[in-house]
Structure formats: C-alpha cells, structure tokens
Amino acid sequence: MTVPTGGAAQAAPPTISVEGLSHSFTDPQTRKTVHALDDVNLEILPGDFVTVVGPSGCGKTTLLNILAGFIRPSAGKAFVNGRAIERPGADRGVVFQELAILPWRTVYRNIAHGLEIQGVAKPEIDERVNRMTSLVGLEGFEGHYPHQLSGGMRQRVAVARTWVSDPEIILMDEPFAAVDAMTRLTLQEELNDLTVRTGKTVFFITHSVEEAVFLGDRVMALSARPGRIKEEVHVPVPRAERSWERMSHDEALQDTVEHVLSLVRGEAVEPTGQDG
Amino acid sequence: MVKPASTTTATGKDLGAVRAAQSESPGLFGVAGLSSVIRALLPFVVAILAWWAIWAVLDPPEIILVSPASVFGSFIDSIAEGALPTFIARSLARLGIGTLIAIGLGVPMGWLLGLDEDVAQAAEPIMRFFNAVSGIAWLPAMIIWFGFTETTIQAVIVYTMLFPVAFNAMIGVRTIPKRYRDACRTMGAGTLRIIRDVYMPGSFPSVMTGLRLGIGFGWRALIAGEFVVGTTAGGGLGFFIFDARTQGVIGKVMAGMIVLGVLWLLMDRLILRPIEETINVKWGAVSA
C-alpha cells in the first residue's frame, strides 16, 4: 500500500469499495444493449489517489456515475464507508468532465454554493471560500462570472467548489480534458499539490496514461468495453515528490508510463454508443 | 471578501474595443464617425423629409395625406386638450397590468411544465397551438363572453402575452444542462433547492426573451382591442387613432401612429434593453 503512515492507516477500512460491479444499459439511440462494465472490483483507502485509465467508451464514466450515485449498477455493489451507494451525497464531491459551475454565479458564489446548501454560517463560508480561492490562485477574481475567465481558471473554480465543502472523497471525470495542453500541465501540478496538502481521497478518470501515472498512487488500467480492470499498477514515486520536470527524466516513472501504455494500447474501441 | 474590479467595466471595455475596431473602416455612407444617437436619428430625419417631399410634390387633398408640420400640430393640439395623455396613460396601464398577470401566471406555468421532460414534451404542441392563435383572433369570442368592456381588452392582452412567456419559461428550464442539476445534487441539494438555485436563475434569459416577445405581441393586441372595444371601455391610444379616423382627421390618425411607434422605442430602450444587457453580463455563458 502507498499509504505512508504505516500500521494504523493500513488497518483503516476502505472509503470506497466496489464488489463485482457490472452494468448494462440500452443505448437510447441505437436501442442496443451496451455492456459498460464487467465484474469490477476495487478498494480506495482514505487518502488514496486512484486514477482510472482506459480507451474512450470503456465504461470509465459509468463507473464514476455509479460511485457518485447517479446510476444504479445492474449487478454488484458499491459502498462508501460500508454503506451501499444509493443516491448522490455531499460525502462524494464530483468535478465533472464538462464544466458544471453555474454561469450566472460569480466565482465567489460558485465556490460558496455547496456551503450555502449545507447551511454553513456566513462568516465561516467567507473564511473557507477565501482560503480556497487563495489555495487555487483565484484571488482577485471572486467577482467575475465564469464566462469572463479562461478555461483554466474555470476549471480551478470547479475544483475549488468541490474541495471547499470538504467531502470525504472527490470523484473527478477527465476534468482537464477541455483545457489547452500548457494549462493542463499547470493544473495537474496544482491538483497534485492540493491533494498532497489536503490529504484528500480522490478517484480520477482520464484517458491520458501520463496524467494517470502523474497524479495517482495507483493506476487502474481498464479494458475496452465491457470495461474490466486489467491491472492495478502502483506508481513508485511518492506523490509529494512529483513534478512534470521529474516525470520527464525519472526512469521508474517512465517505465510505469510504458507499462500502463502497453496495457491500454491495442484495446480496440467499439465504434457504437456514447463515451462510457 | 476582496472586491475585484467591477465586471461590467471589463465587458464594457471589450465592447468599446469592438466598436473602435468597427469604426476604423469608413463605411459606404461615411456615417461611422457620427455618434450612435445621431446615427439612430438620421433615418427618421430622412423618412420625414421623404414624407414631406411626397406631400409637397403630389399636393394631395387634406383627407388623404397632410404635411409633417400639420401632423405635429395635431399632436400638440391633442396633448393640449388632454385626450392624448389620458389615453396614453390608459394604454400603458393596461399593458403593465397585462404584463404582471402574464408573468404571474405564465412563468410558474412554464417552469412547472419544464421540470418534467415528459410533461414538457406532451405540452409543447398545444402550447405552440395557442401561441399561433393570436390574441386578436380571440377578440370576437371575448366580446361575446365579456361584452365591449375593459375585461375583454385585458383578457386579450393577457392571453397574447401568456403563451410566449410560458412557452419560453418552459424551454428555459428544459435547456439548462442536466449537469448543473447533478452537480447541485452532489453538493447535497434537494429538489426545492435545485429549483431555486438552478432552474429559476438558469431559465431567466429565456423568460426575458418570452417577456420581450409577449410585450411586443401584447402591445399590438392592445391597440387592436382598443380599436374595437375602446369606445365603451374608456378609450386608449388605439381608440384615439380609430376615433380620429371616424372623424376623418388624417393628421390625428398619423400623430397617434407615431406616438405608438415612439412609445415602443422608449419602452425598448428604457426598460427592455437595460434588463437584457444586465442579463448578458451575468448570464454571458448561457446565451453565448
């Protein structure tokens, strides 16, 4: 295990556990049955950063939607702290693939939204939002509306909004797919920094092998649809020591990328249906 | 909380830059250098000159067409004798009341229909149907039910405004991306909270579109209603125009028509446009 604190942490129960999860649904367009996931098993311990990588349409997003509580699996079970997941809840924050911050709310009010919903008192909201904006570099933009920000800044708002409510686990669905390559590198480093500092448990979906290795303690390589876990790969370098600089010359990290690539490569993608 | 530079100035600057870029090209008629007010007034001046020229050249009998100066004279007379201001006030009051009722009924109706995808789909054809049967087409039926009364005029305006408002409120709710709702659910929001924080503000630009359409249709329906029912229902601008026709005073008819157009321009500039510009700043990403 990659949890560095030893005995006590090793014994901690998993925050999320998934047992024999399979999911099929009928594609609304083609009316064909799509087998999205097949017998997926995984455990996420407190403080873990687990990345899932796989070809488009391999059921990654389906898996995240099950953990978030948006859909019920056809077979198998998913648990948060031993309780079966039945609906979305504030214990699981989600950063969506497509931007889901509200366009008519300012940066400040977007970040404060979750706290407002939870009925947190105004002064505390103020304090927590301010701390969060400085943590993700949004100071001075509190009064801006999302359409007045760059793509990278908007993603920071999305991340900050989820983080500020302090959910037990954060589910992220390719959050940086839509930003430009340079900004993405910065955001990935910032996210790494943020998770190391806050010790958050994160479940992160991506189709980029490099991103999966760069961010994760463990990388789950998924097969093409129906998605099943081909291999769980431990990333050798502690997250606190990672940077893109190091990624470019560290042999252990390079080897890990090569290995995950070899797992994912050649996984043919079914041409039908939506991204799963 | 740190208050950053006002957002409106940022957008204002962008618009200014766009305008500046546009005015660099001289344009065919060289009007680019003029201020926007003068540019907007210029076509009116041209229209009045053309009208005056036609009148001067054709020299028509006074029952057919009179000069701009004569119409202006009728306008001043009508104001002096007090009829025109009273009728304008009455028409605007009717439109205002109609607007309030249409918002009060139409917006909640649209929201409720929009909340459920299946209900919205089922409701759409009949909403389109009632949208297409214009308010004026209801006038004969309304007169049978309510007589030549204020109620008839008001009912026609409310009907005319209600469907564009309700329909657009419904569309507004339906077109809000589902992920906004999902995101709020993951933050622990219940249905009421989602209605308040997502559906209501998210549909606002669309509601405004409906309102704008509704007020435009309502204004026309109002004038038509006053043509027919105004005599017994206490006048109005439509009555003023129609009554001038029965008196055979073309100058008054035209003065009334011009007031009609000017009032619409004023409502548009002073009420509707400012609201829409505020929306564009706040909801920029929605309407973009």
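Two residues are in contact if their C-beta atoms, placed from the backbone, lie within 7 Å. The legends below describe a predicted model.

**Figure 1. Contact between chain A and chain B in the predicted model.** On the chain A side, 32 residues take part, and they meet 24 residues of chain B. Strand E6 (92–95), helix H3 (107–117) and helix H4 (122–135) of chain A are the elements that give two or more residues to this side. The most comes from H3(A), which supplies 4 residues. Sorted by class, the side of chain A that touches chain B holds 15 nonpolar, 12 polar and 5 charged residues.

**Figure 2. The two domains of chain A and the contact between them.** The domain assignment places residues 12–91, 169–244 and 252–269 of chain A in domain 1, and residues 98–166 in domain 2. Between the C-alpha centres of domain 1 and domain 2 of chain A the distance is 25 Å. Where the two domains of chain A touch, domain 1 contributes 13 residues and domain 2 contributes 11 residues. Helix H6 (residues 181–198) of chain A gives the most to the domain 1 side, with 6 residues. By class, this side of domain 1 of chain A comprises 9 nonpolar, 2 polar and 2 charged residues.

**Figure 3. The open four-stranded sheet of chain A.** The 4 strands are arranged in the order E2-E1-E4-E5 (chain A), with antiparallel pairing. Strand E2 (33–44) and strand E5 (83–84) of chain A form the edges, each pairing on one side only. Strands of a sheet pair through backbone hydrogen bonds, either parallel or antiparallel. In chain A, strand E1 (residues 16–26) and strand E4 (residues 75–80) are joined in the antiparallel sense by 5 bridges. Within this part of the sheet, A:Ser17 has A:Phe79 of E4(A) as its bridge partner.

**Figure 4. The hairpin of E1(A) and E2(A).** The two strands, E1(A) and E2(A), run antiparallel and are connected by 8 bridges. The hairpin has 6 residues between the strands. In this hairpin, A:Arg31 adopts a positive phi near 60 degrees.

Figure 5. Leaving aside residues up to four places away in sequence, A:Asn65 touches A:Phe70 and A:Ile71. A:Leu135 is 70 residues from A:Asn65 along the chain, and the C-alpha atoms of these two residues are 28 Å apart.

**Figure 6. The helical fold of chain B.** Chain B contains 12 helices and 0 strands. Its pattern along the sequence is accordingly written α-α-α-α-α-α-α-α-α-α-α-α. Of the 288 residues in chain B, 34% are buried. Among the contacts in chain B with a separation of 6 or more, 72% are between residues 24 or more positions apart.

Conventions:
Residues are numbered from 1 along each chain as its sequence is written. Chains are lettered from A and ligands numbered from 1 in the order in which they are written. This is a predicted model: local features need pLDDT of at least 70, side-chain atom pairs count only at pLDDT 80 or more; totals for chains, interfaces and linings use all residues. Domain bounds come from an automatic or database domain assignment. Ala, Val, Leu, Ile, Met, Phe, Trp, Tyr, Cys and Pro count as nonpolar, Asp, Glu, Lys and Arg as charged, and the others, Gly among them, as polar. Two strands pair if DSSP finds at least two bridges between them. A residue is buried if 20 or more other C-beta atoms lie within 10 Å of its own, exposed if 12 or fewer, and partly exposed in between; C-beta atoms are placed from the backbone.
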